[in-house]
Amino acid sequence: FTWIASNILEQELTIRAWPNPAQGILNITGIGAGETATLHSPTGQLVATHAIHSAAQIVRMDVSEVPAGAYLLRVGSHCSHILIRR
């Protein structure tokens, strides 16, 4: 027998969002230029978008006009649960 070992490393994108619950501004890290952050209601309705045009360590998404409730934050294939309160 011949054993061949290989390691395939993928750099995993880590999205972090705070504060949670959010009240006006949602801070997000792990987003690259050219990506879009979206907020969806539990029924799947798109309620807010934020396009990222240039690289930044922290992206600030204005959620002040989003009604209070539970939402799904999506960036590419990554998702996170976010609560918005007033």
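**View 1. The largest nonpolar core of the predicted model has 17 residues.** Within this core, Leu 26, Leu 39, Met 61, Val 63 and Leu 73 have the most contacts. Strands β2, β3, β5, β6 (69-75) and β7 (78-84) each supply at least two of the core residues. The largest share, three residues, comes from β6. A nonpolar core is a set of buried Ala, Val, Leu, Ile, Met, Phe, Trp, Tyr and Cys residues joined through side-chain atoms within 4.5 Å. Buried means under 20% relative accessible area, exposed means over 50%, and partly exposed lies in between (1.4 Å probe, protein chains only). In soluble globular proteins, nonpolar side chains tend to be buried together.

This is a predicted model, in which local features need pLDDT of at least 70, side-chain atom pairs count only at pLDDT 80 or more, and totals for chains, interfaces and linings use all residues. Residues are numbered from 1 along each chain as its sequence is written, and side-chain values use heavy atoms, with hydrogens and water left out.

**View 2. Leu 39 and the residues it touches.** Contact means heavy atoms within 4.5 Å. Not counting residues up to four places away in sequence, Leu 39 touches Gln 45, Leu 46, Val 47, Ala 48, Met 61, Val 63, Val 66, Tyr 71, Leu 72, Leu 73, Ile 82 and Ile 84.

**View 3. Strand β5 (residues 59-62) has side chains that alternate.** Strand β2 (residues 25-29) pairs with β5 in the antiparallel sense over four bridges; two strands pair if DSSP finds at least two bridges between them. Ile 28 stands opposite Val 59 of β5.

**View 4. Ala 33 lies in the loop between β2 and β3 (36-40).** Is Ala 33 buried or partly exposed? With a relative accessible area of 47%, Ala 33 is partly exposed. Leaving aside residues up to four places away in sequence, Ala 33 touches Ile 52, His 53, Ser 54 and Ala 55. The C-alpha atoms of Ala 33 and Ala 51 are separated by 8.5 Å, and these residues are 18 residues apart along the chain.

**View 5. The protein chain has zero helices and seven strands.** Helices (H or I, at least four residues) and strands (E, at least two) are DSSP runs, numbered from the N terminus. Of its 86 residues, 26% count as buried.
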